[in-house]
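Open the model in your viewer and keep the selection tool at hand.

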Amino acid sequence: VNDLSLDRQASGSGSRVDVSDDAALVAAACGDRREFAILYERYADRLYRYALARTGSDAAADDIVSETMVAALEGIGRFDPDRGTVAGWLFAIAARKLADRGRRRSRARRLLGRLRGHDGADEDALETVIRGEDAALVRRLLAGLSKRDRELVLLRYSAGLNSVEIAEALGISSGAARVRLSRVLRRLAAELGDDP
Amino acid sequence: MSDMIRDDLQVDPRLDTLLSRALGRGGVTREQRQRHFERLGLVPRLGGSAGQWRAPVVEGRPQLEPTARPASALPRRRRQWAELAAAVLAVILVAALLVALFRDWGSGGDEQLAASREAIETRYETRERLYVVSHVYGREEGFEVELDGRVTAYDVASGDEVYTIDTGSQVDAAVSADGKRLFIAALGAAGTSDGLIAVDALTGRELWRTPLAERRLHWILSLGPTTLAVSSDGSRVYVQSTDGGHAYWITELDGETGAAMRRIETNNCRSGTFVSPDDRTLYVLCDGNSRLRAIDLSTNTDVDLDAPTVNVAGAAVVRDTGLLYIVGGNGVSGSGVTVVDMNARAVVEEAGLGIDIRPARLLRLVALSPDGSRLFIGLGTDVDASSAAVSSRQVVVFDTGSWQAVGRIATETPITGQTLAAAQDNVSVFASHNAFRDGTSVSTVSSILRLSLEAIPATFASREREEVLAVIASQVDVPVERPTPTPEASATREQLYVVSHELSQRRDALITAGRVSALNPVTGEEFWSVEAGQRIDAVLSPDGRRLFVADSGSDGDHLYALDTQTGRELWRTPINDRQWHKPGSGQSMLAVTDDGATVTVYSCEGCTGEIRSDTGRNWLQRFDAATGAYQTNLDITECRGVAWQAPEAATEGFRARPIYVICDRSRSLEIVDPSNGQGVTLTHDVFLEGGFPDSTSADAHVLSPDRRLLYLVSGNRLSMIDMTRTAATRVQLDADVDLAQRMPLLALSPNGGRLFIGSLDDAAYAEGRAEVGQVDVYDTSSWERVGQIESGAQLTSTAFATAVDGESVYGVSADFQATDDGIAVESTIHHLPLDGEPATVATRTNEEVLYLFSGTVEVDPATVPLPAPTPAPAAQERLFVVSRVADPGGVEGGRVTAYDTQTTDLAYWIETGPDPDAVLSHDGTRLYVAGSDPDGSGDILSANEALSGEELWSVPIHNRVQWMGGEGPTTLAVSQDGTRLFIYSTTGPGSYAIQVFDTADGRLGRVIHGVAGCVAQLFPSPDNRSLYVVCLSERVAPQVIDLETMTSAGVLPGIGGYVTGAAATSDGSRLYITHDIDTELRLTVIDTNGRVIADQRDIVHLAANPLHSLNLLALSQDGSRLFLGVGEERDDGNPVAREVWVWDTAQLHVGSIQALRPLGNLNGWSLAAGPDNRSVYAVQNSHGLDPGGQPRSTATISWMGFDAQAENFAVLTHHETLRLFSGRVSNTPLLSESPATEIGMVDKLTLPDGCLSNLVAVASGGS
């Protein structure tokens, strides 16, 4: 976990923290639960943004963060720093929670989809999270991406993961994550290049 | 983004910034963070910022010795006590006592509690089964004989024949992995053709029978491998088929209906079929080239499996692990085993067997012990199979870890049957021997042999005129009546058992001996008294007949049983490595199982007696409670402390009954899975979420009288853990003080209705005295505090027990005095009633009381007849089935079918057209039916006489919500007064409404706008003021519609999570909602008139999940029971329920849950309560092909209740059941009523689809 020795912004507050001690924090939290609070603070906002972008629902994102953190605390003894990063581990848990949620809702969604007059309440979740003055531009850019490619973009920009961590979260090789992400970003950059 | 993520990915800076700004903002709010931290068990640091949090710190317990006042200022008596307490009671722990257990089920208790008891009486136990497949020899004519098939089920433990199924010849059979279904194939099972029969393995009752369209493979004299294989859950059956020539393939059939699904090519392999546990892969052994083929069932293609070619002699599967063991050999020296992980599709091991073996190749004499540790191979000589002369006289047993032969079982009686079947004891196998009359092929008598590593070969059973082809081992869950509580006989008496140790006045031997006495709790009279050794420990049996005692004497430690009536010692056995707590701690290290059959002693090898050491092997010794015989031991790897094995009942999620341990030091709860004899500790983390969100420790605990529930107090939070389900309910106790600081003592009344919590009063707490001065009494139904006992005396002992009356407790105060010779003590036993004056039961000189138990003994064992069973349900009870008709010709329609539930007769049905729906009025007079006109002209609502189904009126309706294919919750509801009918409707894209119809004539009265848009169900309140819109599978709180203003009154606060089910009582006064809070199940009860939450409970359920997308929730008509389907959400989006939990609504905690097991997986949208309030109807829809290859939907309505096994109620072919409901219909015929068309209302309007707003305007204006 220390290989990368990355610095990154922990949250929207703009504070900077050193993540190289992630594994140490996990180890500490194994012995003293209160240490987990620091991990929570480090990752909650990013998990939230990622979940919100996936679900489009503040309440669902709230649930996902909560469930992910509880699962992480319960399974903290099983985290193996030799096998990956804390970020990758946490976001892999979150991805599973999101998949579970999708399964839970699938039948209801099918019903609603066939409901006469229903306007598709499950509109694109991304619509609800893209903010700022360039929102329309970003929406247009992302609209052309496949679901898989969008996931890569979200993990990088909503969750703030690097390609190694993205690979761990998605259960793919870091090389594959890196190549796929590069392609997607190059394509987006090319599309952006035509824009004023 | 480059300032956020540093890696060497090259990103266009403009894009990087753009995406960072658009996507990288926002986060959890402070309120969300607060909730998360509460759930994580973290609390904010005082004065800290959002980033500074800490875990709660458990404050220290009050000092036993006074600290606020100098010791010299204390009265002499109290100071002496304090000194002694520091020495003798230094580790008085926070936990309470094992409560006295009683057999007083028949006395006292209100009806609600009786109902609760009734609910938990029926349980299941797993029994070992042996199925014997045989040919029956009939009439002989010369050398020809009539041959039929037979399958006989044996109960292994008793040797009893449970049932016999006679069928055609060439019989074969297979059992599903869960042991629930037995599939039998035979020639002649369907007319003169091959047929497949599905049988309820428990009872032998036939579930269905279907002809096999494709010819089944018949081995010569049935001496080949089985032609059947079953998927793990029994949903698919695979049958070896042939064209009668040299072509072989497998036919897949629906295990629920028998419908043929598809043909799976096997490249002519035919020598044994196996399905992986994940049902993804089919394995077929090929006898021609001796290879194993793997077929991907989703793609029907071969999987590359690098399995070696072996001369296959046999194969066996460990079901739990999915490992397939193939035994083969190429001669004398080439024998070996290949192990295939069937889920992983990989060869995981190849091993030589190290010795010369020649498996009896044409027999399938290979079996694996259920725990996978031993492989049994029958050795024999390859002889021409057609002569039926292949036999085996020896079974060699290999350890599957080392592949060393660990034993050989020789049998004088040769094995001539096809199979070995491993017994559940993991050391023996069943085999068969067929004796043939000389000169003929007619069998005279056959034997089933039991061959064991640890016993002489024995004949398990004999079959006359049968040739046994195969033996199949399995297990089956059998409902067992819990030991029927003995009704209180006319002559019983209450006894109070006092377990104490005597204190010597000599300083060098403070504690010299123990004593067990039985007292009359009223007079203090001593019925009997028995002297015991030191370090005495004791526990009372659940039926109160025996007291199990462990002690230490000069001749070592012993465990013995006392007859509670006389004090007579029944048996005594020496034990080693017993552990004990400091005397006076209140912690017993003995436990007895719920059935009273086994006594468990907590032990530690390598420890030092008193439970202190951190080293050594922790284990439980188990003894037969009837004889004292040592049974077995179970390792516990982690914590040490008092331990119980979960009751003999279903314990989903565990292979064996788990062990619950309250750890001695951390006071946390550990759950240990003792499967395979190896302790596997599940950390208490599994309960952090539900059990101890604020703390990982249990301050006190007590077991329910039936040993099923474990009550844990942690602070002021109480968790009730159902040990049979590994599920917990939490409540917050309404205590005046923080119990974590007040050293709570717990005791439960014999019927479980009252929980007594003794605690330090304010004065004792302030002064640091360990003296319990008050006892709070809680009702375990409502968890309200119903009283408080001021003891008068200060209880200083952890000995604490409820009286048989359930309304009072016994406690002990001790007075220690320093004497010239040492210490003198006088213990006083108090009787403390909830209503009445405290009294002294007895005073014991020089005895310190360690434990108290209360129970009754029979003085005159006269029996009293049990009450008569519930009378049969009334004749007018009906079950209504709303179904979609899927005709093979492609015609779709709908139907509402009414059944008389007493006679099961079909009363009538109403054709509705597509998208049917129906609801019964609360007075049972009317059945309202909605459907679509088959000609496509629109929807129709009709009112019908519920008794006869005759139509009273019908009107066209518009814009009602129609779910996909009619599937979903009902969109109809009737007001409690019967005057209004509500229909959930849509008024345009994203806009929803409720149409309100006048039930007198079908007139559309009002339309309520602003209604939540979701998968909704409507529930009216009895006062006709409120209508609740409950959104299923949504994280949306119920919306309340004010029916006086016909507007939304908002949503009901306090209900979070995803709503998974909703059901109302028949009078509509209570609405039960289940919702999923972060994977926990919460049950909320709404007072519909008051628009408030009446009750709310959290259920931690580790074993099963509430289903989000099925509304499998129903209430019995009397409201006493709540039925909830639980199962799993599957990846394909089609959830299934595997069992139905039944709650006692009077208590609403897991302790009142009983599980009903359906015949198959439930996938309908509803449950319907049975008329007896003790049963429920459920639906299983299956889709497949009929024998002619045409699509066929089959709806199977099944019934399940407490008193009998589940059974099919009705099967509707070409139907898919959408909804079920039940109710009592009025016997009084209704007068004919004027249809709405005659008074000229809505039906005269012609409106386009989807324009309800227009309709509203007309209707409102028109009225």
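Accessible areas come from the Shrake-Rupley method with a 1.4 Å probe, and for residues only the protein chains shown count as cover.

Before selecting anything, note how the model is described. This is a predicted model, in which local features need pLDDT of at least 70 and side-chain atom pairs count only at pLDDT 80 or more, while totals for chains, interfaces and linings use all residues. Residues are numbered from 1 along each chain as its sequence is written, chains are lettered from A and ligands numbered from 1 in the order in which they are written, and side-chain values use heavy atoms, with hydrogens and water left out.

**Stop 1: chain A**

Select chain A and colour it by secondary structure. Eight helices and two strands make up its secondary structure; helices (H or I, at least four residues) and strands (E, at least two) are DSSP runs, numbered from the N terminus. Along the sequence the pattern is β-β-α-α-α-α-α-α-α-α. Chain A has 196 residues, and 55% of them count as buried. Buried means under 20% relative accessible area, exposed over 50%, and partly exposed in between (1.4 Å probe, protein chains only). Of the contacts in chain A with a separation of 6 or more, 62% are between residues 24 or more positions apart; a contact means heavy atoms within 4.5 Å.

**Stop 2: the nonpolar cores**

Next, select L188(A) and L19(B). These two have the most contacts inside the largest nonpolar core, which has 67 residues. A nonpolar core is a set of buried Ala, Val, Leu, Ile, Met, Phe, Trp, Tyr and Cys residues joined through side-chain atoms within 4.5 Å. Helix α2(A) gives the most to this core, with 12 residues. Leaving aside residues up to four places away in sequence, L188(A) touches L141(A), L142(A), L145(A) and V153(A), and also L15(B) and L19(B). A second, separate core has 34 residues, including V996(B) and I1073(B).

**Stop 3: chain B**

Now select chain B. It contains seven helices and 87 strands. Of its 1263 residues, 61% are buried. Chain B exposes about 45300 Å², with 47% supplied by carbon and sulfur atoms.

**Stop 4: strand β12 of chain B**

Select residues 248-254 of chain B, which form strand β12. Is this strand enclosed or open? Seven of its seven residues are buried, so β12(B) is largely enclosed by the rest of the structure. In a regular strand the side chains alternate between the two faces of the sheet. Here Y248(B), I250(B), E252(B) and D254(B) lie on one side and W249(B), T251(B) and L253(B) on the other, and both faces are covered.

Two strands pair if DSSP finds at least two bridges between them. Q240(B) is opposite I250(B). Five residues separate the two strands of this hairpin, and G244(B) in the turn has a positive phi of about 90°.

R263(B) in β13(B) is opposite T251(B). This hairpin also has five residues between its strands, and G258(B) takes a positive phi near 90°.

**Stop 5: a four-strand sheet**

Move on to the open sheet of chain B with the order β22-β23-β24-β25 and antiparallel pairing. Strands β22(B) (366-368) and β25(B) (405-415) stand at the edges with a single partner strand each, so one side of each has no neighbour in the sheet. Three bridges join β22(B) to β23(B), residues 374-380, and A367(B) has F376(B) as its bridge partner.

**Stop 6: confidence**

Finally, colour both chains by pLDDT, the predictor's confidence in each residue, from 0 to 100. Chain A averages 73, and the mean for chain B is 74. In chain A, confidence is lowest in strand β1(A) (residues 7-9), at a mean of 29, and highest in helix α2(A) (residues 36-55), at 87. In chain B, helix α7(B) (residues 1252-1262) is lowest, at a mean of 29, and strand β66(B) (residues 972-974) is highest, at 96. The model scores ipTM 0.82 and pTM 0.47.
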